[in-house]
Amino acid sequence: MHPALLIDEILRQIFHFCSDYDQRSLISAARTCKAWKDPALDLIWNRLFCLGPLLLLLPGSIISNNEYIYKEHSSANDLRVFNAYACRVKHISNKQRLRINPSTTAQLPFSYSNGPYLPNLTTAHISIPRTNFLLMPFNLSPHLIHLDIDLGFQKREVDVGTMLCEYLERVHSQCSGLRHLSVRGLANKRLNQIISTMRNLESLSLRLGHSLLSETLLAVKTFPYLSELEIHAGHIEPDDSNEPCQYEDCRTFPLLRKLHIRAQSSLIETMMQHIQGNTVCHLHLELDDPTSSDSSWNSIFNMICLKASNTIQHLALEHHYEIAESPMPIPSGATQNVQGTDPGATSMHFETLQILCKLQALRHFSLDLTLPTIMSDDDIHKVISWWPDLEHFELGLVPQTSEVEADTIDKQMTTASLVLFALKCPELKRLIIPLTIDNLPVPYPLPQIILPSQLRNLTIAKINTPNPIDLGQYLRRLFSQLDCVEGPCDDVQPWIDINHALHM
């Protein structure tokens, strides 16, 4: 054996690679020699996707008819093998339903008073619809840092909610190092109240639907160390989240750097008002309004520029809503009504988007709307001049062709916009635009030198060119690092030909 393989740091680095790509080799390594046993076992048991392997280490534990049966009570000495492996577990996922025979549940040695059973556990993922609540004490550890709970959106029995709240109360009182909490599903009032007291959190995700209480949102705004927040609050009105603070230091969101919020535009604007200036660098906004409105976006965009014009690097905007169909005149010879879109539904005007030109540090921009903003090549040129350091630019994929009104035809972007991105955005790696490519050549001639573009992935709406191979070669000359061209029908032959031409 090479002496280097006896150095623990080198050996663990090699085994760490095996844990990702070759788990069987780790099992063989654990049986090779004493020097390799512990490093290999540490990685094998580091992450468990089910508590089943641990339960089988209990003396007298067997599986019969897909149920775990525990035959006899164990003393502390009987659990030494179990403890030797349990101390290696740092990440656990409780997403597989484990059935324990009811006749043996009284003999199980597990309770909160006897723990912790996984003393070095740092991450726990719990699916409440699948978790056996007899095993909840396994998820309590003094080293717990990250907790992810999926409540589900089905109504449950009262005792299930009670046991979950008891567990979270113990987490709050005993896991002082907890920094990241994610909760999804339907929560009761008691659970909302427990979350409101977890003021040491640095990251919080609350996807609770209508079960999120406005009192919880009020409390979260004052968490002193909170840097990341994801929250779904489409049902909460702005006035409900604007009551006086109950703490002496009522400064809201003092350290917030990342915000993902789904709510009505009025609440989003109110939340932005409570953010401290030049702290947020990542912003993802999902409007829950029933219709489109440029005035709503105007207010939000002005607030973004006021609060984060120097710091925001990632900006993602979403708004999806139902478009009512309206009857159109029946063409001559038609046998049934022709349905069209609601004339009241409009896409965001470019003048509204222009408010964001003040964002100086933007690297990632995504605009995902039911009716996408219509942009011309000149508009694209303006956008690039605002944000020359873009790495990701996305406008959606709805093609801007015959579906738009006649007076917007002259505003359609063309393949000339691709030349602009190649020339002016050297850092761009991902581009998604509603571009339809009909034919070559394009209005602008290609430069003779290799452009500095780093674009790897291009997604467009439609291709109509009869020469997709020529198009692929053309795109290769524009973007020397381009790996693939994608679209809504990227398994159709023209798309295959384009990608083939890229790698010729």
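Asp389 is partly exposed, at 34% relative accessibility, where partly exposed covers the range between buried (under 20% relative accessible area) and exposed (over 50%), computed with a 1.4 Å probe and protein chains only. The side chain of Asp389 meets that of Arg363 in a salt bridge, 3.9 Å from N to O. Asp389 sits in the loop between helix H12 (377–386) and strand S16 (392–394), and Arg363 in the loop between helix H11 (350–353) and strand S15 (364–369), so the pair ties together parts that are 26 residues apart in sequence. Arg363 is also partly exposed, with 28% relative accessibility.

The structure is a predicted model, in which local features need pLDDT of at least 70 and side-chain atom pairs count only at pLDDT 80 or more, while totals for chains, interfaces and linings use all residues. Residues are numbered from 1 along each chain as its sequence is written, and side-chain values use heavy atoms, with hydrogens and water left out.

**Salt bridges**

Side chains of opposite charge can pair when their charged atoms come close. A salt bridge here is a side-chain nitrogen of Lys or Arg within 4 Å of a carboxyl oxygen of Asp or Glu.

| Pair | N to O distance |
|---|---|
| Asp389 and Arg363 | 3.9 Å |
| Arg170 and Glu166 | 3.8 Å |
| Arg179 and Glu202 | 3.6 Å |

Arg179 and Glu202 form a salt bridge. This pair links distant parts of the chain, 23 residues apart: Arg179 is in the loop between H6 and strand S7 (180–185), and Glu202 in the loop between helix H7 (189–196) and strand S8 (203–207). Arg179 has a relative accessibility of 25% and counts as partly exposed; Glu202 is partly exposed with 31%. Arg170 and Glu166, by contrast, both lie in helix H6 (residues 158–174), four residues apart, about one turn of the helix. Arg170 is partly exposed at 28%, and Glu166 is partly exposed at 31%.

**The chain and its core**

The chain has 15 helices and 21 strands, taken as DSSP runs numbered from the N terminus (helices H or I, at least four residues; strands E, at least two). Of its 504 residues, 48% are buried. Contact means heavy atoms within 4.5 Å. Among contacts with a separation of 6 or more, 71% come from residues 24 or more positions apart. The chain exposes about 25300 Å², and carbon and sulfur atoms supply 51% of that area, as given by the Shrake-Rupley method with a 1.4 Å probe.

A nonpolar core is a set of buried Ala, Val, Leu, Ile, Met, Phe, Trp, Tyr and Cys residues joined through side-chain atoms within 4.5 Å. The largest one has 141 residues, of which Tyr167, Phe365, Phe393 and Leu475 touch the most other members. Helix H10 (residues 294–308) gives the most to this core, with seven residues. Leaving aside neighbours within four places in sequence, Phe393 has contacts that include Phe365, Trp387, Phe421 and Arg430.

**Helices**

In helix H15 (residues 493–502) the buried residues are Trp495, Ile498, Asn499, Ala501 and Leu502. Seen down the axis, they fall within an arc of 155 degrees, so they line one face of the helix; the arc is that of the directions from the helix axis to the C-beta atoms. These buried residues pack against strand S20 (462–463), helix H14 (468–478) and strand S21 (484–486).

Thr216 is in helix H8 (residues 214–220) and is buried at 1% relative accessibility. The C-alpha atoms of Thr216 and Ser196 are separated by 5.3 Å, although the residues are 20 apart along the chain. Not counting residues up to four places away in sequence, Thr216 touches Asn192, Ile195, Ser196 and Leu206.

**Positive phi values**

Most residues other than glycine have a negative phi. Phe253 has a positive phi, near 45 degrees. Phe253 is found in the loop between strand S9 (228–232) and strand S10 (258–263) and is buried, with a relative accessible area of 1%. Asn278 also has a positive phi, near 55 degrees. Asn278 lies in the loop between helix H9 (265–273) and strand S11 (282–287) and is partly exposed, at 39%.
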